[in-house]
Amino acid sequence: MDMNEIKEIFFQECEEQLAELESGLLKLNDGDRDPETVNAVFRAVHSIKGGAGAFGLDDLVSFAHVFETTLDCVRSNKLDPNQDVLKVMLKSADVLADLTNAARDGGGVDEARSKQLIRELEALANGEMPAASEAPAAKPAPALVATPVADDEGFQPIPFSFDDFGGEEKPVEPFAPTCEILFHPKRELYAKGNEATLLLRDLSRIGEMSIRCDMDSLPPLEDMNPEEAYFSWKISIATEKGEDGVRTVFEFAEWDCDLEVRTVEEDHEAEAGKDELPMQPVPFDLSILDDGDDDATGEADEPAAPLSSANTAAESNVVPIAAASRAEPSRSEARAAPAVQQAAAAANPAASAASAAAAAPTIRVDLDRVDRLINLVGELVINQAMLSQSVIENDNTGVSSINMGLEELQQLTREIQDSVMAIRAQPVKPVFQRMSRIVREIADVTGKSVRLITEGENTEVDKTVIDKLAEPLTHMIRNAVDHGLEAPEKREALGKNPEGTVRLTAKHRSGRIVIELADDGGGINREKVRQKAIDNDLIAADANLSDEEIDNLIFHAGFSTADKISDISGRGVGMDVVKRSIQALGGRITISSKPGQGSVFTMSLPLTLAVLDGMVVTVAGQTLVVPLTAIVETLQPEASAIHSFGASQRLISIRNSFCPLVDVGRILNFRSTQADPVDGVALLVESEGGGQRALMVDAIQGQRQVVIKSLEANYTHVPGIAAATILGDGRVALILDVDAVVAASRGQSLKQEISLAATG
Amino acid sequence: MASKKAAQKSLSLAPVLDLNEATALRDKLMALKGSDLAIDASAVERVGALCAQVLMAAAKTWEADKRSYTFAKASEPFLKTMQLIGVNIEHLLAKEIQR
Amino acid sequence: MKKKVLTVDDSRTIRNMLLVTLNNAGFETIQAEDGVEGLEVLEEANPDVIVTDINMPRLDGFGFIEGVRRNEKYRAIPILVLTTESDAEKKNRARQAGATGWIVKPFDPTKLIDAIERVTA
């Protein structure tokens, strides 16, 4: 373990603390007044500050310090955490996050913003309330206004460095003044774990000393309180460290003793000061009192052992107390005779369950290790499938024990796979939490008042899915606030709560995760969408579209319904991009909207990206896998349903509507001539634009779950192919990138497609 | 006074004479009050001031009782700590270990 | 014999720093994450000295120190408190609770080891 690793740990911890901070502040915002919530929020900032100080991250430290001071006012009930106060605090939490990121990845932060917040926080700590009206409309102060940050009360972080082990050699002062010390401990000194003998030992180390113990107040044994302080001492010491050095020795004991220290000017005076009883010189080597280990005391003066070598020692020296103490209850459980001591046994797990709930045992593992394991399990699954297949092929006698063994192996393999996948599963909480910041920021910029409600944030899904979810979700949230919710005045005029609500929920449904984003805004303005689509030449002016079809128009590229392109959503990124990213994750997105009541976007995503339910098909002698999620239905085309269109385009009519046929073999250059659709099978897929396409393949082999192997990692990207897999018979099969194939086949425009669908 | 000779008792001190030991040490000594006492301090590794107080209070008491109170054996840490804190026990040491 | 130090701190960062520093200095280190765990492991750890943070969940440093001082068997153990600033008020409360001494965070290794040496035999 070296400083960089600890720093890495620090930043990981910061992330957790920031999440803790935000959720705590949000709870307070909802009226939670539990002191523990306030404490947790305070601790989060405090902890970040502590670590940041150790690494000399001064910007972070000074901001955290001001923040902490203000939070301390809340903690001590000096400041009521009302909504205006919390608004400042939530923004401060955002800035703290920015500062943390800047400290980790370099890069700057909005200094004007952080200075502004420092001022606001300090004002709060000083009992000034924020101007409530100023908050939403206020634009960040111009970056050039540099008001000096109020000084942070002399708090100075001392950067932590292991190099500091090298004791700084102070020049030896030749002059060693003599100090006379009167030291009278109080009872508390001993009660608090201080020890007069140790203080005197340390004192003897800084100079040559003589000592006299005053035992006059010592009562006879029968009258004494063994824990009372009776002894007092008079000490004379010649030390170059002087009075200050002496006082430093007594630093911890100062409050619990009477202490007088004075410098004696002349040797004579010291002689004269010697009263009736002589003092004993303390000349000898005291090392024996150091518990025999010279190295421990010497350590402070010696340079530390190089950290690399300390590495192993550091790890081996930790006594895993936590694990051991948790093991304790189960051990005693095991000892208890189950039948006789039912009550005891019942009480015991309850106790251990309680302690487990308090600190769920977790370990941290590098993602790489997990991924390696997942890969290996993938290989195992393939291997097991291959083994099964070859046994079936070669052994027709059907020895049942082998078959049973194989079945068990298959089951076990599947269970291992599921368990390993579960390791990668993470709650969506971090992403959801990030969204609350997004909401705050957009609400601020748009001047809208928004409340974000999240549900099911503990729903788990593969880490990769979580990571890739943030971007589309951010965009959708921005849209929901910017375009979905009405301005407060308008809402009020409509009889709605001026504060808009955005609800973000996650849940598991039939082996997938479903994420819903609902707003209570105006819903999709279909007339406007329709008009826009006509203006943009997306649909014919006379096209007759269902509500659902109109709603789905927003997923088309470059579509924006806001009257003017705003700062937030108008960055050229539209819902089409959102849809594509969701689909790239093997997911689907749908919208349902009610005018005046709001819109709901529903995303359904696979729980893992490591396996995929696919349909194994044959195309021109090649085996391909088509993701099952893309397939709407499969059908056997009849000659009468096939219609030629233009030079080489063909359509298939399905229940009175026409759908373009896509010859997969042609697109992928497996063959040069078009196959006869009647000889093959059509897979009806949902295409990127929302319309449907019929993918022509030669035959369907079956459905199965396959382990995804990246082509990019092992070979190179192949257009039209998303990834590869290995089938049970050992053959490599390519996984089709449905969207890419559809895009490559696009010969006709969207406008035609929709009008055909509409008129068909 | 034949009984006087028979009353010679001994007490071995614990290795760690800290805050926790002070009361126990006092109780042990109280139980031996009235007897001549030879204390074995050879196992002592650490002496706190509280236990030093108890030992010296006992010395006072024994002196008042006119009983003998000696350290028959003493470890180096014990002797050095006593010297460090300026508690003179030279006169209480058994002849063999006096220096 | 190596001296045993029990550290009680909820911050993983600080725990690791303490661990590296203490092990480098030749101590055996036992770590707990909050006051409750600190009291739980006391028996098993039987430390020579305790280093504890103040702000912790479940049971803070003050409560932890009081707990140790109330424990018949372990009340004599010296306890050093990690305080972030030389905050007089906190230092005072810690002393009242029974702290032996303190170390100002961000601690530097020399000071930490020095403070431990000062309160242990």
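Modeller: (pLDDT is the predictor's per-residue confidence, from 0 to 100; helices are DSSP runs of H or I with at least four residues, strands of E with at least two, numbered from the N terminus.) Across chain B the mean is 82, with 89% of residues at 70 or more. Residues count from 1 along each chain as its sequence is written, and chains are lettered from A and ligands numbered from 1 in the order written. This is a predicted model, where local features need pLDDT of at least 70 and side-chain atom pairs 80 or more, while totals for chains, interfaces and linings use all residues.

Now the contact (C-beta atoms, placed from the backbone, within 7 Å): chain B puts in 29 residues and chain A 28. On chain B's side, helices H2 (19–31), H3 (49–65) and H4 (76–84) each bring at least two residues. H3(B) gives the most, ten residues. By class, that side of chain B has 16 nonpolar, eight polar and five charged residues. (Nonpolar is Ala, Val, Leu, Ile, Met, Phe, Trp, Tyr, Cys and Pro; charged is Asp, Glu, Lys and Arg; the others, Gly among them, are polar.)

Over in chain A, helix H17(A), residues 429–446, has 18 residues. Gly447(A) follows H17(A), with a positive phi near 70°.

Note on methods: Two residues are in contact if their C-beta atoms, placed from the backbone, lie within 7 Å. The expected span of a helix is 1.5 Å times one less than its number of residues.
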